[in-house]
Amino acid sequence: MSLEKLREELSSETETQVKAILAEAKASAKNILKEAEIRAAKIIEQSQQSAEQEASSLELEVSAARLAARKLYAEARNELVSLVFAELREQLLDFTKKREYAPFLKKLTAHASKELGEECVLYASKRDYVLLLKDYKNLSREPFDCIGGVVASTRDGRLKVNNTLDALLEEKS
């Protein structure tokens, strides 16, 4: 499977999951907003029966309730997006433990090396270092903190190609 196809699959799966979670968050927010509007309508009805002073006070409560509902919606949406990305991170971590990961890692590494040439320095996690050591002599002994994948850098560090799973995940956030 080519790197682009794999990236597209990861992108597609990520986008599908994010869309599903956002749809669920929107539905949840609509329910919250609907409940807030029902409550607001009751408050307005009561305020119309009261004196003008009391009505003015209740209108402020309605505004606060709508503001609170919007805040709850935003918080729920943000929490769901965070959960999706945490789950995707876990799935990527699980992927690094599978047999299919080693060939994928080598494709990522070959792509990064090709981008910067054979004189580049490759950085990988401790686990990936072991998988790549036989095939790549330009592998840095300094471990790189990432889920998986590699970062290729020119010797002077001016140019870098980040082919880590973290970078793929970050692209989608």
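Reader: How many of the residues of β2 are buried?
Author: Keep in mind that we're looking at a predicted model here. In it, β2 is mostly covered. Of its 5 residues, the number that are buried is 5.

Reader: Which residues of β2 point the other way from Gly 149, Val 151 and Ser 153?
Author: Here's a handy rule: in a regular strand the side chains alternate between the two faces of the sheet. In β2, Gly 149, Val 151 and Ser 153 point one way, and all of these are buried. The ones that point the other way, also buried, are Val 150 and Ala 152.

Reader: Does Ser 153 count as buried or exposed, and why?
Author: Ser 153 lies in strand β2. Around it are contacts with Leu 116, Cys 120, Val 121, Tyr 123, Leu 159 and Lys 160, leaving aside residues up to four places away in sequence. The cut-off for buried is under 20% relative accessible area. Ser 153 has a relative accessibility of 3%, so it counts as buried.

Reader: Which strands stand at the edges of the sheet?
Author: Let's follow the pairing. β1 and β2 run antiparallel, joined by 4 bridges, and β2 pairs with β3 in the antiparallel sense over 5 bridges. That makes an open sheet in the order β1-β2-β3. Each edge strand has a single partner, so one side of it is left without a neighbour in the sheet, and those edge strands are β1 and β3.

Reader: Which residue in the turn of the β2 and β3 hairpin has a positive phi?
Author: The two strands form a hairpin with 6 residues between them. On the strands themselves, Gly 149 has Thr 164 in β3 as its bridge partner. Back in the turn, the residue with a positive phi, about 80 degrees, is Gly 157.

Reader: Which residue in β2 does Leu 122 stand opposite?
Author: Leu 122 is among the residues with the most contacts inside the largest nonpolar core. Not counting residues up to four places away in sequence, it touches several others, including Thr 109, Tyr 136 and Val 151. Its opposite number in β2 is Ala 152.

Conventions: Residues numbered from 1 in each chain as written. Predicted model: local features only at pLDDT ≥ 70, side-chain atom pairs only at ≥ 80, totals over all residues. Heavy atoms only, no water. Core = buried A, V, L, I, M, F, W, Y, C linked by side-chain atoms within 4.5 Å. Buried < 20%, exposed > 50% of the residue type's maximum accessible area, 1.4 Å probe, protein only. Contact = heavy atoms within 4.5 Å. Pairing = 2+ DSSP bridges.
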